[in-house]
Amino acid sequence: MKKGIFISIEGPDGSGKSTQIENIKQFFKDKKMDIVFTREPGGTAIGERIRAIILDNNCREMDYMTEAMLYAAARAQHVAQVIRPALEDGKIVICDRFVDSSIAYQGYGRGLGEAVAIINSYAVAGCMPDVTFLLKLDPAVGRNRIRADQQDRLESEKEAFHDEVFRGYLQLEKDNPGRIVGIDASGSIEDIKLDIYKKLEEVLNCL
Ligand code: TMP
């Protein structure tokens, strides 16, 4: 069975991920290549409903393990309903956040550690990105870019939480050198775009 390409984009809140996702979409549009773009949490009707619960500022009492399991539940549905079928169909899947977000935010940020990888091994069931772009930006800088009154439940967490999330991402990058491509996200939007485009060309050349 022909396998597609699975690309995920990761980074701390305010790292410029949304802007670069638009650039990635443009990259494939310029090449007249179809992509399946999707996001987490979400990407399915069920996942979007779970997303609304997780990010709701009124859900302050949510237990950390509940939070981790909700992200994983949304992901299980996403993999089963959207990502795996698209890849089996030979498509290029671009996903805004995937399992690395859970390891960084719930594993490191919430301090749940290994449990997060274990729960998610069931959610992803072996379906992992071929390439992950990690936008690396000092979390303090990232957070300053998001207006306080527009922060969701996760974004409004304390500085220490976001520092831990970033530490988690850097560890993931170290542990997965073949998959995770670290991108310095402190430079200009254009420079970051060019870094990503260079890597995307390499990925396509390997097909
Ligand atoms: P977004 O703002 O990039 O759409 O992501 C929503 C928030 O959810 C963001 O603060 C990161 C967080 N998140 C987790 O904590 N764990 C996860 O597994 C995912 C996918 C996102």
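## Contacts, sheet and ligand in a predicted model

User: With which side chain does the side chain of R75 make a polar contact?

Analyst: The model is predicted, and the distance used here is computed from its atoms. A polar contact needs a pair of N or O atoms within 3.5 Å. At 2.6 Å, the pair formed by the side chain of R75 meets that limit, and the partner is the side chain of E40.

User: Is R75 buried or exposed?

Analyst: R75 lies in helix α3. Apart from neighbours within four places in sequence, R75 touches E40, F98, V99, S102, N120, A123 and V124. The cut-off for burial is under 20% relative accessible area. R75 has 2% relative accessibility, so R75 counts as buried.

User: How far apart in space are M65 and I7, C-alpha to C-alpha?

Analyst: M65 belongs to helix α3, which spans residues 64-88. In sequence, M65 and I7 are 58 residues apart. In space, their C-alpha to C-alpha distance is 27 Å.

User: What is the C-alpha to C-alpha distance between I94 and I7?

Analyst: I94 sits in strand β3, residues 92-96. Its relative accessibility is 1%, so I94 counts as buried. Contacts of I94 beyond four places in sequence include I7, I9, I24 and F28. Although I94 and I7 are 87 residues apart in sequence, their C-alpha atoms are separated by 4.9 Å.

User: Which residue in β5 is the bridge partner of K136?

Analyst: Strand β4 covers residues 131-136 and runs parallel to β5, with 5 bridges joining the two. One of the bridge pairs links K136 to a residue in β5, namely D184.

User: How many of the 11 residues of helix α4 are buried?

Analyst: Helix α4 spans residues 99-109 and is mostly covered. The elements covering its buried residues include β1, α3, α5, β4, α7 and β5. Among the buried residues are V99, S102, Y105 and Q106. The count of buried residues in α4 is 10.

User: Which residue just after α4 takes a positive phi?

Analyst: The residues of α4 are 99-109. Just after this helix, a positive phi of about 75 degrees is found at G111.

User: What percentage of the area that the ligand exposes alone does the protein bury?

Analyst: There are 15 residues around the ligand, and K17, Y71, R97, S102 and Q106 come nearest. Oxygen atoms of the ligand lie 3.0 Å from a polar side-chain atom of D13 and 2.7 Å from a side-chain N or O atom of R97. A ligand nitrogen atom is 2.8 Å from an N or O atom in the side chain of Q106. Taken alone, the ligand exposes 480 Å², of which the protein buries 94%.

Terms used. Residues numbered from 1 in each chain as written. Predicted model: local features only at pLDDT ≥ 70, side-chain atom pairs only at ≥ 80, totals over all residues. Heavy atoms only, no water. Pairing = 2+ DSSP bridges. Helix = DSSP H or I, 4+ residues; strand = E, 2+ residues; numbered from the N terminus. Buried < 20%, exposed > 50% of the residue type's maximum accessible area, 1.4 Å probe, protein only. Contact = heavy atoms within 4.5 Å. Near = heavy atom within 4 Å. Polar contact = N/O pair within 3.5 Å; in protein donor to acceptor, adjacent residues only side chain to side chain. Areas by Shrake-Rupley, 256 points an atom, 1.4 Å probe, with all protein chains shown as cover.
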